[in-house]
Amino acid sequence: MHVILFLTALCVSSVGLYCGAAQAQEYRITSDFEGGNFGNVTKLSANHFAGEAETKLSEPKPMWYYFRIDGPAGNEVTVDVVNLGNIYGPRAGMKPVVSYDRKTWKRVEQTDWKSPVLSLRIPMKGRTAWVAFCFPYTYTDLRTYLQRLKDQSPSNVNVEILCRSRQGRDVFLVTITAGLEETGQKKGIWMTGRQHSGEVTGTFVLEGLIDFLVSDDPVARRMRKDFIFKVIPMVDVDGVANGCYGKDQVPKDFNRDWTKNPSIPTIQTLRTTISNWARDHSYQMFLDVHSPGACGENHIYTLPRNRCSHQYYDRQHQFMKLMEEYSPASNKIYARNYLEVRGVPGMAWVAEYTDHGVRAFIVEVTYQPTKLTGALPMSSLQEFPSPPVTILSLREYGEALCRAIGHFLGDAPHGESQETRDRPSSRHAKPTLLQPQGEMP
Ligand SMILES: [Zn+2]
């Protein structure tokens, strides 16, 4: 008996040693995990690979990639992402992120951009390295976060399932207000993120906003008392889980489906839920958080003068001034950038504005700008060195957004929304569908 056990142990240990030796000699790149995306991987030499960001949901342009490298520590592995020539604003080659434990992420320091190839040199500081387009925030991360949030603040936070996605995942609706009392006296704010599943900055920003809102900060306490926040931090959960970027996806982009008859069940439920809620609550504001194209700067989409009243137009700009005031230093210079979008049909904020007369904004939060291109008609910008975007700075931006909303709506007399429902003069006219300025959000 002892002999058999000894022999078995010897065998297992030999196999282990053999496998270990075999692993130690070769690098391997995989993406078969939640949120992973990297296809057509070819090995060019022992430590040089090429592969593609895949368009899994028939998105016309690839952008999101997320893969892992396994192999011996101590060397450097070069990975060429070969199909980024057509992505949204490749410009100067935004630096992706690398992690050795999937907790701490840093920018890849050595990159080389020669369209369409972004070449990454990854130092193997351990036996495994994860590399992603930007800081990953998966569906599992969201579930873990929401569980913790509920446990921490049971009396002020409710997490419910808004609906199930087409692939059967839960889409979550988070309500935050003091005592969970949703009275008609409180001002309501609806917020969405990850309508484009690869646009990770939105979830970090909304997480930062929520964490501030449930904190003991006196401003947060007052806001919980006066406001009701309804947040859907991850709208396209299937896209997130499958590692898709999701923008302009076929047959329908989530953000372009906010029409009278949405084709995506999640958007249909969301629209109906908001409309029903707005009937007996004071619905004041709608914010939809996105990420601009790679290297794009932070900005906010607003209505142009010919689509809203003078008062609405001025109030939009008051909100941007507040964003500038409250933004952390690294974001201050961006805070007042805005683009005026002209009547793009079916986009979330336009639909919400039209239906409910609320203040509606698309907030674009950058992955990492590298330089200003001058391509967009921003408000008085000048060339400046880019501040680093980190998970912390994104969360701080969320807190700034929350404080700006509090100040903005807190200053407004109660019931102001009735006055703002004084629609623009174009309301009764046949809508003129103009091309959007710059890139569509
Ligand atoms: Zn977007």
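The model is predicted, so local features need pLDDT of at least 70, side-chain atom pairs count only at pLDDT 80 or more, and totals for chains, interfaces and linings use all residues. Residues are numbered from 1 along each chain as its sequence is written.

pLDDT is the predictor's confidence in each residue, on a scale from 0 to 100. Its mean over the protein is 82, and 78% of the residues reach 70 or more. Two stretches stay under 50. Residues 1–22 are one of them, and there the model has 0 contacts beyond four places in sequence; a contact is a pair of residues whose C-beta atoms, placed from the backbone, lie within 7 Å. Residues 88–92 also stay under 50, but for them the model has 22 contacts beyond four places in sequence.

**The overall picture**

The protein has 11 helices and 18 strands. These are DSSP runs numbered from the N terminus: helices are H or I with at least four residues, strands are E with at least two. Of the 441 residues, 45% are buried. Buried means that 20 or more other C-beta atoms lie within 10 Å of the residue's own; with 12 or fewer the residue is exposed, in between it is partly exposed, and C-beta atoms are placed from the backbone. Among contacts with a separation of 6 or more, 78% link residues 24 or more positions apart.

| Pair | Direction | Bridges |
|---|---|---|
| E15 (residues 282–290) and E18 (residues 359–364) | parallel | 6 bridges |
| E5 (residues 76–81) and E9 | antiparallel | 6 bridges |
| E8 (residues 110–114) and E9 | antiparallel | 5 bridges |

**Around strand E9**

E8 and E9 make a hairpin, with 2 residues between them. Ser119 in E9 is the bridge partner of Asp80, and Asp112 stands opposite Ser119 too. Strand E9 (residues 117–123) shows two faces: Leu118, Leu120 and Ile122 are covered, while Val117, Ser119, Arg121 and Pro123 are uncovered. In a regular strand the side chains alternate between the two faces of the sheet.

Helix H3 (residues 201–213) has 13 residues and should span 18 Å at 1.5 Å a residue, which agrees with its end C-alpha atoms being 18 Å apart. The expected span is 1.5 Å times one less than the number of residues. H3 is largely enclosed by the rest of the structure, because 12 of its 13 residues are buried. Among them are Phe204, Leu206, Glu207 and Phe212.

Glu199 sits in the loop between strand E13 (187–193) and H3. Is Glu199 buried or exposed? It counts as buried, with 29 C-beta neighbours inside 10 Å. Beyond residues up to four places away in sequence, Glu199 touches Arg194, His290 and Ser291. Glu199 and Val365 lie 166 residues apart in sequence, yet 9.0 Å apart in space, C-alpha to C-alpha.

Methods
Two strands pair if DSSP finds at least two bridges between them.
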